[in-house]
Amino acid sequence: MYRALITVAAAAALVIGGVAPATAAPSSSAPGAPTTVRVTGAGDSATVTWGAPKTGAKVTGWKVTIAPAQHQPGNGVDRLPAKARSDRFGDLTPKTTYRFSVRAIGAKKTGRTILVRYTTPSVVDTTQSLFALDASGNVVRFAEDGSGAGKVVAANGTGFAADDVGDVFTPSADHTAILFHPADGSATRTLATGLHLTPDLRADVAGNLYWIDSVSGAVQKLPVGSSTATTVLDLGGTASGSDQRFWTVTSDGKVVVFGGPASKTYVKGTGIAPRSLTSTSGLGIGYPAAVLADSHGNVYLDIRSPGAAGSWAWYLLKPGATAPSVIEPRLAFEYGAANADGFSLLQSAEWCAAPAEYPTSHTGCKVDRTIPDKLVVGAGGKSTVAVSGITAGSRGPNTGAASDDGDVFVDVDSGPSAGLWRVPASGGAAQQLSSAQYSRLLVI
């Protein structure tokens with residue numbers, strides 16, 4: 001997705017430097033210090049640049065850090081290849097002084113660390129975009145505010161990911177390579193080859209890429225600037241019929257997986273505690289159907305009930321908890337979405353059990369499927385705003401996407417509201433962006 005950065009207040013003066021800690025000069029087996037280390041900022045992001053050392057051993061890589069590291073993947077530590085000369089950090093907090101460090105890595109030793117500082121503007125406004133996959137496999141970008149028509153930014157794909165500057169990444173047709181589609185419209189190029197991809201690519205705010213290896217079943221990560229993937233989570237083989245797995249990646253790079261049979265569901269990932277789930281009733285949880293997560297450690301689980309009723313419901317699993325709690329007590333046709341700060345839920349006014357929709361039913365399902373409100377669950381508790389103009393379609397997990405500001409985007413597959421919709425953070429009238437069908441919604 002594309003994030004246009006608008007600085008509302010003038011940026012604070014840059015403190016640029018190359019301030020080296022008081023350490024001894026590097027030995028001949030260590031690389032020298034990076035040269036001309038600088039930081040430049042725009043809105044809620046900053047880019048660190050540097051030059052190669054003039055002395056010392058050969059550089060085999062770089063270690064770049066940011067502090068404070070809140071909202072940053074990898075706890076604010078990036079390891080880059082030797083050819084790298086810049087690193088970008090997004091999702092910075094306004095009116096905050098950040099410390100960046102750059103250090104050369106050698107085959108035997110590391111070189112001296114150079115520190116620079118940068119203070120973000122006091123007020124920053126960001127405009128995000130919605131990315132979605134159309135029925136032909138094209139990646140389409142929509143403005144977050146709902147203005148204008150969608151624009152195809154990558155054609156003939158089977159899946160995609162995007163970073164916060166609008167670069168798009170897609171699997172190659174044979175699922176062995178990742179293709180990079182720059183936000184500036186320049187030529188597509190190949191980032192990495194020899195892979196075992198699935199269509200479901202993911203990315204964090206920094207642009208690190210993730211996928212589940214189609215052979216080993218492990219979650220793989222391709223760091224920014226690298227052509228070599230690493231395993232970040234071993235799931236113990238590929239999923240089977242008794243172990244359906246659903247996964248997500250938060251903006252700060254935490255991988256979360258929800259899976260298992262109905263009687264033995266589990267959650268595991270990176271940066272969260274692995275645990276088997278329990279039910280207060282003593283019965284099974286139900287069948288895993290989808291998972292979302294925020295940056296506070298909360299996990300949101302969509303669970304399909306056992307039996308013929310055909311209900312899908314979203315649950316909240318708090319950090320360290322093993323028993324999920326129902327987010328809303330009533331059954332409904334639901335649409336869920338999450339951002340870094342919390343979860344949004346759209347529910348129909350009424351619900352019917354699945355048998356009422358069967359062709360053999362004498363009564364049929366004639367309930368009120370209009371969506372009257374939007375519920376938000378976040379650090380500040382729960383809040384609800386009224387919504388109008390949108391009607392739910394079929395039952396299912398119906399996973400949407402949410403912007404940083406709380407706008408919610410959902411695809412309704414059937415009924416009078418079929419198509420792609422935007423529900424404003426403040427509620428009110430929902431806006432139809434397209435009458436066509438889209439999947440894999442992503443706001444960044």
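Is arginine 440 buried, partly exposed or exposed? In this predicted model, arginine 440 has a relative accessible area of 23% and is therefore classed as partly exposed, since the buried class ends under 20% and the exposed class begins over 50%. The residue is part of strand β39, which covers residues 438-443, and its phi lies near 50°, a positive value in a residue other than glycine.

At the level of the whole protein chain, the secondary structure consists of 39 strands and zero helices. The radius of gyration of the 444-residue chain is 23 Å, which agrees with the value near 22 Å that a compact globule with that number of residues would have. Taken along the principal axes, the C-alpha atoms fill a box of roughly 85 × 45 × 40 Å. Of the 444 residues, 49% are buried, and the accessible surface of the chain amounts to about 18900 Å², with 53% of that area belonging to carbon and sulfur atoms. Among contacts with a separation of 6 or more, 49% are made by residues 24 or more positions apart.

One of the sheets is open and contains three strands in the order β3-β4-β7, with antiparallel pairing. Its edges are formed by β3 (35-42) and β7 (86-89), each of which pairs on one side only, and the twist from one strand to the next averages 15°. Four bridges connect β4, which spans residues 45-51, with β7 in the antiparallel sense; within this part of the sheet, alanine 46 stands opposite phenylalanine 89 of β7.

A further open sheet is built from four strands in the order β18-β19-β20-β21, and here too the pairing is antiparallel. The edge positions are taken by β18 and by β21 (230-233), and because each has a single partner strand, one side of each is left without a neighbour in the sheet. Strands β18 and β19 run antiparallel and are joined by two bridges, with alanine 203 standing opposite leucine 209 in β19. These two strands form a hairpin in which five residues lie between them, and glycine 207 in the turn has a positive phi of about 95°. The pairing of β19 (residues 209-212) with β20 (residues 219-222) is likewise antiparallel and extends over four bridges, in which tryptophan 211 has glutamine 220 as its bridge partner and isoleucine 212 has valine 219. The hairpin of β19 and β20 has six residues between the strands, and glycine 217 in this hairpin takes a positive phi near 80°. Along β19, Leu209 and Trp211 point one way whereas Tyr210 and Ile212 point the other way, and all of these residues are buried.

Arginine 202 belongs to β18, a strand comprising residues 202-203, and therefore lies in a strand that stands at an edge of the four-stranded sheet. With a relative accessibility of 14%, arginine 202 counts as buried, the threshold for that class being under 20%. Its side chain makes a polar contact of 3.0 Å with the side chain of aspartate 200, and the arginine 202 side chain also reaches the backbone oxygen of tryptophan 247 at 3.3 Å.

Alanine 67 and proline 68 are joined by a cis peptide bond, with omega at about 0°, and proline 68 is located in the loop between β5 (61-67) and β6 (77-81). Asparagine 398, although not a glycine, has a positive phi of about 45° and is found in the loop between β33 (381-388) and β34 (401-402). The relative accessible area of asparagine 398 is 18%, so this residue is buried, in contrast to arginine 440, which at 23% is partly exposed.

Notes: Residues numbered from 1 in each chain as written. Predicted model: local features only at pLDDT ≥ 70, side-chain atom pairs only at ≥ 80, totals over all residues. Heavy atoms only, no water. Pairing = 2+ DSSP bridges. Axes fitted to C-alpha atoms, helices over the stretch in contact; angles between N-to-C directions. Buried < 20%, exposed > 50% of the residue type's maximum accessible area, 1.4 Å probe, protein only. Polar contact = N/O pair within 3.5 Å; in protein donor to acceptor, adjacent residues only side chain to side chain. Rg over C-alpha atoms; globule rule 2.2 N^0.38 Å. Contact = heavy atoms within 4.5 Å. Areas by Shrake-Rupley, 256 points an atom, 1.4 Å probe, with all protein chains shown as cover.
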